Amino acid sequence: MERHLILILSILIFSSAYDDLYRGHRLVRIDIEDEADVEVMQKIAEMDIGTLDFWTRAMPGRKSDVMVSGDSFEEFKDILDRHLLTYDVIMNDVQNVIDDERQQLSKNRRGSSIAAIQDFDYSVYHTYDEIQQWARDIAQEHDDIIQLFTFGHTFEGREILALEIKAPGEQGASIPKPVVYFEGGIHSREWISPATVMYFTAKLLRRYKENDPDAVKTLGYFDLHIVPLLNCDGYNYTWTTNRLWRTSRKLNPDFGCVGTDLNRNFNAFWGGEGASPWPCSITFRGFTDLDNVETQAIERHFQKLKADGRVTKVFIDWHSYSQLILAPWSYDADVPPPVHSDLQLGAAAAMAKAMNETNNVPGGYIHGIGTDILYVSAGTSKDYGYASTPGATYSYTVELRDTGEYGFLLPADQIIPTGEESYNGVVAMLDWIHINDYN
């Protein structure tokens, strides 16, 4: 009865979701050649020229994707022309892409069943309620090695579920085994993130049950703590109201704005560059660090692990898009790399190699220090994972597919390939760590 109700609710969401919020919006790709171009883009970001949404930030030698409202496009274009910045319009109407996605989702999900975990369809995106049911079902299916627990609750009261996968240790495994933490969906519009975390989790469990050597070794030497969907409020909102919502749904009193960028809210170098103090910004850092219940839940989890004497070895926050594996630091481009940088980059290289060899994805996955290959941003999860309570030697942000053709609106037919790449990347990274830096 409960599963049937979840399916009915999902159908109702489809029938009511999305007005024409992004009708006429264009996605513009700008070539960024040097620091002067970056400064121009930073000034543009500070201007009041209507709706601008920086899907990717400006970085020398890279491209910056900016969504511009139809009313603001001519003014935006004039500014780019005046500063001799070259650009292409890669989406002429973002709403058309959203509408196509919704139609495809409705078609693919019509008549689908969530009657049992073995029937779960990993090739489509799923609602919050379906992800919750998946977590319960997969924990029940593998109750000999999985403990399901409540990780926390969101601002709007939704339950955040988590899985602890704790298989018998292999010979030579630490007692207790080191913890590997995976988290999906901190930015709600990045649907490929929770979809990928669910996919590679399910595959790892299936392979373990089949006695696959890689899966047995992975779970035999590491305990996995997995939060498939952290920003449950924001994610639900992307299904019901605004497909491109990014932040939490916490009300910011006295400003009439909603939401904090949870990936700027961590107590690691909080409040610096790349994190806005303005409560109406999509990169709003919060009024203080850890002032959102979702980031508090993460901190509480690692405080408990620390009190219990557990060692967290790996911390990965899964995002999209750009196909990057980012190691600390993110908060400052001028500070020396972490003392463990060589190890971090070695494990990231193993992950990137495995991911690239899986499907030869166009553009490939690139690994490096966050400020070197992306941009400066303070208060982020990977700096937190390394320098704050978790104390994980290996802490990363992984940016999944693609490199901008669809961006946050990645078609569902890319879920399985992305999941396959990520599974192979996870196995390769943990194998590298086991060989090079286990004890």
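In this predicted model, strand S1 (residues 26–31) and strand S4 run antiparallel and are joined by 4 bridges. Strands of a sheet pair through backbone hydrogen bonds, and the pairing is either parallel or antiparallel.

S1 and S4 belong to an open sheet of 4 strands. The order across the sheet is S2-S3-S1-S4, and the pairing is antiparallel. S2 and strand S4 (87–91) stand at the edges. Each has a single partner strand, so one side of each is left without a neighbour in the sheet. Neighbouring strands here are turned by 30 degrees against each other on average, direction ignored. Helix H2 packs on this sheet. H2 touches S1, S2 and strand S3 (63–68). The direction of H2 makes about 135 degrees with that of S2.

H2 also takes part in the largest pocket. This pocket holds about 1,400 Å³ of space. It is lined by 50 residues, and the closest to its centre are Ala45, Phe54, Arg57, Ser281 and Thr283. Helix H2 (35–46), strand S2 (52–54) and strand S10 (257–258) each supply at least two residues of the lining. The largest share, 6 residues, comes from H2. By class, the lining of this pocket has 27 nonpolar, 12 polar and 11 charged residues.

Ile165 stands opposite Leu224 in S8.

Aromatic rings were examined next. A pair of aromatic rings is described by the distance of the centres and the angle of the planes. A search of the whole structure finds 30 aromatic pairs. One of them is formed by Tyr181 and Phe315. The centres of the two rings lie 4.9 Å apart, and the angle between the planes is 35 degrees. This pair is classed as tilted. Tyr181 lies in strand S7 and Phe315 in strand S11. The two residues are 134 residues apart, and the pair links distant parts of the chain.

The cavity search gives 3 cavities of 30 Å³ or more. About 280 Å³ of space lies in the largest cavity. Its lining has 27 residues, and the closest to the centre are Arg246, Arg264, Leu374, Tyr375 and Glu399. Strand S11 (312–320) and strand S14 (394–400) each supply at least two lining residues. The lining of the largest cavity has 8 nonpolar, 12 polar and 7 charged residues.

Some backbone details remain. Most residues other than glycine have a negative phi, and most peptide bonds are trans. Two peptide bonds and one residue are described here against that background. The peptide bond from Pro328 to Trp329 is cis, with omega near 10 degrees. Trp329 lies in the loop between strand S12 (324–327) and helix H10 (341–359). The bond from Arg401 to Asp402 is also cis, with omega near -5 degrees. Asp402 lies in the loop between S14 and H13. Leu290 is not a glycine, yet it has a positive phi of about 55 degrees. The loop that holds Leu290 runs between S10 and helix H9 (293–307).

Technical notes. Residues numbered from 1 in each chain as written. Predicted model: local features only at pLDDT ≥ 70, side-chain atom pairs only at ≥ 80, totals over all residues. Heavy atoms only, no water. 1 Å grid on protein atoms, 1.4 Å probe; cavity = no way out; pocket = protein on both sides within 12 Å on 5 of 7 lines; lining within 4 Å. Points joined across faces, edges and corners; volume = space filled by probe spheres on them. Nonpolar A, V, L, I, M, F, W, Y, C, P; charged D, E, K, R; others polar. Pairing = 2+ DSSP bridges. Phe/Tyr/Trp six-rings, centres within 6.5 Å; stacked < 30°, edge-to-face > 60°. Axes fitted to C-alpha atoms, helices over the stretch in contact; angles between N-to-C directions. Contact = heavy atoms within 4.5 Å.
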